[in-house]
Number of protein chains: 2
Amino acid sequence: MKIFKLLIFVLSIVYQSHSQTTIQWKEQHPGIWKAIVGKPEKITLLSAANAKPNINALSNLPKTSFPLDKPDIKVEIIDHKTYLRFPLEKEEQIFGLGLNFQTVNQRGRILNLHVDHYGGKDNGRTHAPVPFYVSSKGYGVLIDVARYITVYAGTAIRTDAKHPPVLRDRNTDKQWEAQPYSDAIEILIPAEGANIYVFGGPTPMNVVQRYNLMNGGGYLPPKWGLGFTQRVPTLYSQDDILKEVKSFEEHHFPLDFIGVEPGWHSMAYPCTFEWDKSRFPDPKGFLQTLAQKGISANLWLNPFVSPVGSLYPKIKPYTGSHTVWNGIVPDFTMPQARQLFKDHFMKHHLSIGVGGYKIDEVDGFDSWLWPDVATFPSGTTAEQMRQTYGLMVQNMTGSWYKEINKRTYGLVRASNAGASNFPYVIYNDYYSHKDFITALVNSSFIGVLWTPEVRASKTAEEWVRRMQSVCFSPMAMLNAWADGTKPWSFPEVEQAVNDVANLRMQLLPYLYSAFAQYHFEGKPPFRAMNLVEGFGFKSTTEAGTFDATANPYAMTIKKDIKDQYMMGDFVLVAPMFAGEKSRDVYLPQGKWYDFYTGQLVGENQVIKVTPALDKIPLFVKDGGIIPMIPVRQRAPKANETLPLTVRHYGTAPNSLQLYDDDGTSFDYEKGQYSFTKLAVTKTTDGKLRGEIATPPTGKPFGYTKEIKWEFMTSPTN
Amino acid sequence: MKIFKLLIFVLSIVYQSHSQTTIQWKEQHPGIWKAIVGKPEKITLLSAANAKPNINALSNLPKTSFPLDKPDIKVEIIDHKTYLRFPLEKEEQIFGLGLNFQTVNQRGRILNLHVDHYGGKDNGRTHAPVPFYVSSKGYGVLIDVARYITVYAGTAIRTDAKHPPVLRDRNTDKQWEAQPYSDAIEILIPAEGANIYVFGGPTPMNVVQRYNLMNGGGYLPPKWGLGFTQRVPTLYSQDDILKEVKSFEEHHFPLDFIGVEPGWHSMAYPCTFEWDKSRFPDPKGFLQTLAQKGISANLWLNPFVSPVGSLYPKIKPYTGSHTVWNGIVPDFTMPQARQLFKDHFMKHHLSIGVGGYKIDEVDGFDSWLWPDVATFPSGTTAEQMRQTYGLMVQNMTGSWYKEINKRTYGLVRASNAGASNFPYVIYNDYYSHKDFITALVNSSFIGVLWTPEVRASKTAEEWVRRMQSVCFSPMAMLNAWADGTKPWSFPEVEQAVNDVANLRMQLLPYLYSAFAQYHFEGKPPFRAMNLVEGFGFKSTTEAGTFDATANPYAMTIKKDIKDQYMMGDFVLVAPMFAGEKSRDVYLPQGKWYDFYTGQLVGENQVIKVTPALDKIPLFVKDGGIIPMIPVRQRAPKANETLPLTVRHYGTAPNSLQLYDDDGTSFDYEKGQYSFTKLAVTKTTDGKLRGEIATPPTGKPFGYTKEIKWEFMTSPTN
């Protein structure tokens, strides 16, 4: 036995010693190369997400060759860890690396990618710490490992660097820098191997498209998911909620789905997933009443199972070593655990019409989630579980709705790589309006959706400014679980809030088509400016101001454009923030027009705007085509036929593919959808003319054939 | 070859599978038990610190038995990591776990112990993330592993917990808690084994004593180290510094050593460790001039070697894979690297009289230190290097001074377990006055020294309040490297600042004896109240105030006493902070007296004090004996004989062991020191009488035999 152990010891030393590995790249999908280094673990992010690539759409993207010099990519396996190195060029910007809230360009930052509640610093601990980056040079890298990966995004400098920084004496050289130039991204993976993917471009948008399409394409929400949603206070009963719906009607405020907070459970934190009989004596009747009003219900939950619930004894064998608020933690890598959840949820929720879920607390934070010392019956480690739990819950719940051929659209607090096709929008408890917008910008790089939800505000100004932002986001939500706020909580701005909610409803055809782009082409519906062609902004650094306490190393400050973004191909959104009466807007190349007036505002320049309180600054690209419907309180239902007004901005001819389908089922996956080419051309006398260039290529098509064309920009403009 | 690999694979699975290990405890030293679990790594914190236990002093501590129920301590090795669990009782408080700045009781916190610059949150990233905790129940635990250890200090709850928390429904139960009760400390060590130490009490102070004595006992600074020190602006020349010394003389301000900042190097950041010829044309003459004035010089450095220095080509083979500010990083685990530093430093610094060093930037932070992907020629991992670098540099430099039999006292920014006997005080760039005091409190649990250095202040009030605190700390330092401040920078409080510096000089006999306690008995000179017997404060929790954004889980707030501390056995220090005109002081059991007036202030109670601007609140325990010397500008030199005034407070007879030695050499280690018992007894007529109860038991003794006794408390008090 001793000799046996010695043998293992010797062999393991041989095996574990530093091994510089040659990387074998294989083109897995068009423009996507995969390399397997070392011994990748069985549980990975993509395996947990279980997404299926859209090969067809991938094939339609521009041909591209491997975007990096292969020998510049290095890997070593040391001390049970994988060390990776990728090259970086001068001026190269790095985007992605998780749902960051304060920075866009991650070059010069160190991120320890760890699923967690966002704690106020872009350090890698966030709700979706996706280990994927997009380079401004037009390529991307994904590390598919369900571990806490550390990324040194151009901070570390090797003694043998190809492009070493300039040597400077801090005593005398004013150009001395706290962070000298680094020509590499280095990555530490605490596992003995990894699956690595490199994505070709040529543009950053192509990279993002490839990433999303590899993960099944973006999710196409049901139409109602793009309407307005209100979440009610925790202990609202079914009667309270029906009253709430009534008051929305009285205020002529749009409402498509309503969020039911923890009070629906007979016990919450931990949860029973069973209706509380006092507050919800007739769940089925309640849901039917809502449905008759065209409203869907979304149920809050966290997945930690209460000992007093019926699920508890059944699922106990498939749960982890530690409790969360006295609830047991299902091991969702085990089919038994998933099946038990499915049986319960199908029977008690989906079968009676529940429209979706809000999945809370799967992110963290550490103070209550299972610790990293927890163990799970499948052998999945606590760390792997932490990195994939949000993915698994999204995948599981999403699959139930797919099974009943009904689209859902919900909320989740944790996600990761591979989530593009999940029916969930990320949210959190953090509440900086500006940082919420930066998160929206960053969500577009990493295949997730984010809502800058509104909860409460100190002033009417803040209220309307937040409402305007959320109406230009993937989910227009007022989350009143704690405060009981209503859209009209600040009467002095009720009309302004109503206006922007109405505008969102009018824009639904445009927005739905933008989501169709997400699904069919992989283009995110809400986009960082850095994904826009012709966006010439170079991230710049400002010399840091020395301060013995606040900045003793005189660290430089990086300038990002992080407070404006695109909705679809044509609309630039530049939200206003409370306390600010004007703002700068960075306009990419090409002419840009005011959404409200159609007037030219500039091109390839920074403009200052001073919008009225009731207007969120919106700008439309030259040739922008915006299909709109009349103001309404509910998103269009299947089989409705609506009149269409199509706006055109600027002077350039252009076209838009208007997407439509039944808005509720997955039948579009079987071809039941239509793309209609709306085109504006120039007549021989130089006038603009709008037409349906290509009639609907499929069914359904929920609009009348007669279109009202509005040319927003006068020809003299 | 394939079969060979398969064999390794199979064997490694067998070997790595979960292994619940029985722990074998061995009493390593009196009251200190060691267990070796799994396969501990070669590089550990204690191996890097290389401390020798003081067996003799350990033997003099109270006998104690193993303080925990052995079966309640669990260990498992899973996934190349070691999982540890220790029991926790109700009401038990946990102290230590690194140099924390905002909290004292760590129960309920999660700490990832990682050497780093303190970033404003007590999350384990700090200058001395010592993996050692002291329980209020009177035992301690040390994990001797040079890795990033995660400690769940009573946060995680197992499904099989002996004492599970109460199940509560958040919907309806107001007593629902975000962090339910946990009966265990769980620890994740990312290594396949560990050396673990358990320390007996019976008191928390005994635990700390054992810890410090195992690490060689606390460091005894040279007498000059306890005087005042000024650090000069970065680019000061030798002439500038001599002028600075002159202005101290003109202002009659004490000054024992002067800190020379980066400008002495011919290049800094990275460093040459060579004198700059323009600013320091005659280092030897400069140091001699200082020495003639009785002043020592301390040189700033960070250990990253500049390519333009003479050390560079020699040390290059013994440095790591990455640069820091273009400097190479010596692998100090290699004797060759240590020897090269020693040769250089001995020749250019120690031989001409340099008194010590300020070792900067060995802590972090990540943005410029070597990344965790760095490798070192010895095979030591980047993580191990990070956790031990401060220890190794302290040990190395300290040993040079020992070799020339000259005590040093310097500054360092990183430390860890095993550092008690190192001649260094920790400092940083953070600058919250209150948090600086909490760090001073916490330093006493973990065998390190900390200085709440003064740099700049917004107001005269802040200036004097900070100066008062730093004069009641291990190093009375004004660090003007960036601001060029002087003690008299705020003329309106010059006298008050002078007063407190003078008071520190007067208290040197008392302070030096307190440091002797640190060395010979392991009792820290500056102590948390929690180490004081009769300190009855129980850490309490306050219900958290629910706030949908700031505190959505209504987390409770823990109340600590973290703004007052003891200096030696008798003096309670309760610093004032700018903007506050009064403060609460928590008095332990027994009567307490005002230091300045001798009047009774209370016992076992909270008092409110409203001190004048020129007074830092100081309180003396009943029977407190305080030996003092006249005001002077330099600490006593060897062979000086000084008049002694000894104060007594209160009404209780008592005694103090006054320590003395030559104040500069290590001859005290060969018995060249004296302990003199100063006793106050009650005469038959009830009067107090002071005497030298036991004359000096050794030499030297630097005081006149005639003592002036001052009974500060009138008998009627």
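Angles under 35 degrees between axes count as roughly parallel, over 145 as roughly antiparallel, 65 to 115 as roughly perpendicular and the rest as oblique; the axes are lines fitted to C-alpha atoms, for helices over the stretch in contact, and the angles run from 0 to 180 degrees between N-to-C directions. Helices (H or I, at least four residues) and strands (E, at least two) are DSSP runs, numbered from the N terminus. This is a predicted model, in which local features need pLDDT of at least 70 and side-chain atom pairs count only at pLDDT 80 or more, while totals for chains, interfaces and linings use all residues. Residues are numbered from 1 along each chain as its sequence is written, chains are lettered from A and ligands numbered from 1 in the order in which they are written, and side-chain values use heavy atoms, with hydrogens and water left out.

Two packed helices are described by the angle between their axes and the distance between the axes. In chain A, helix α11 (residues 460-470) and helix α12 (residues 494-506) pack at an angle of about 5 degrees, with their axes 9 Å apart, and α11(A) and α12(A) are therefore roughly parallel to each other. Where contact means heavy atoms within 4.5 Å, α11(A) contributes A:Trp463, A:Val464, A:Met467, A:Gln468 and A:Val470, which meet A:Ala496, A:Val497, A:Val500 and A:Arg504 of α12(A). The residues of this contact divide into seven nonpolar, one polar and one charged, given that Ala, Val, Leu, Ile, Met, Phe, Trp, Tyr, Cys and Pro count as nonpolar, Asp, Glu, Lys and Arg as charged, and the others, Gly among them, as polar.

A pair of aromatic rings is described by the distance of the centres and the angle of the planes. Rings of Phe, Tyr and Trp (its six-membered ring) pair if their centres lie within 6.5 Å, and planes under 30 degrees apart count as stacked, over 60 as edge-to-face and the rest as tilted. Over all chains, the structure holds 120 aromatic pairs. One of them joins A:Phe520 and A:Tyr673 in a tilted arrangement, at 4.9 Å centre to centre and 45 degrees between the planes. This pair links distant parts of the chain, with A:Phe520 in helix α13 (residues 508-521) of chain A and A:Tyr673 in strand β35 (residues 673-682) of chain A, 153 residues apart. A:Tyr673 counts as partly exposed at 24% relative accessibility, where buried means under 20% relative accessible area, exposed over 50%, and partly exposed in between (1.4 Å probe, protein chains only).

In chain B, the rings of B:Tyr357 and B:Tyr401 have their centres 6.4 Å apart and their planes at 65 degrees, so the pair is edge-to-face. B:Tyr357 lies in strand β20 (residues 356-359) of chain B and B:Tyr401 in helix α9 (residues 382-403) of chain B, 44 residues apart.

The charged end of A:Lys70 sits over the ring of A:Phe66, 4.9 Å from its centre, and A:Arg170 lies over the face of B:Tyr269, at 4.6 Å from the ring centre.

How many residues of helix α10 (residues 433-443) of chain B are buried? The helix is mostly covered, with 10 of its 11 residues buried, among them B:His433, B:Asp435 and B:Phe436. The buried residues of α10(B) pack against α11 (460-470), β24 (526-528) and β27 (565-567) of chain B.

Most residues other than glycine have a negative phi, and most peptide bonds are trans. The bond from A:Gly201 to A:Pro202 is cis, with omega near 10 degrees, and A:Pro202 has its place in the loop between β14 (193-199) and α4 (204-214) of chain A. A:Trp325, although not a glycine, has a positive phi of about 50 degrees; A:Trp325 lies in the loop between β18 (319-324) and β19 (327-330) of chain A and is buried, with a relative accessible area of 3%.

Key. Lys NZ or Arg CZ within 6 Å of the ring centre and 35° of its normal.
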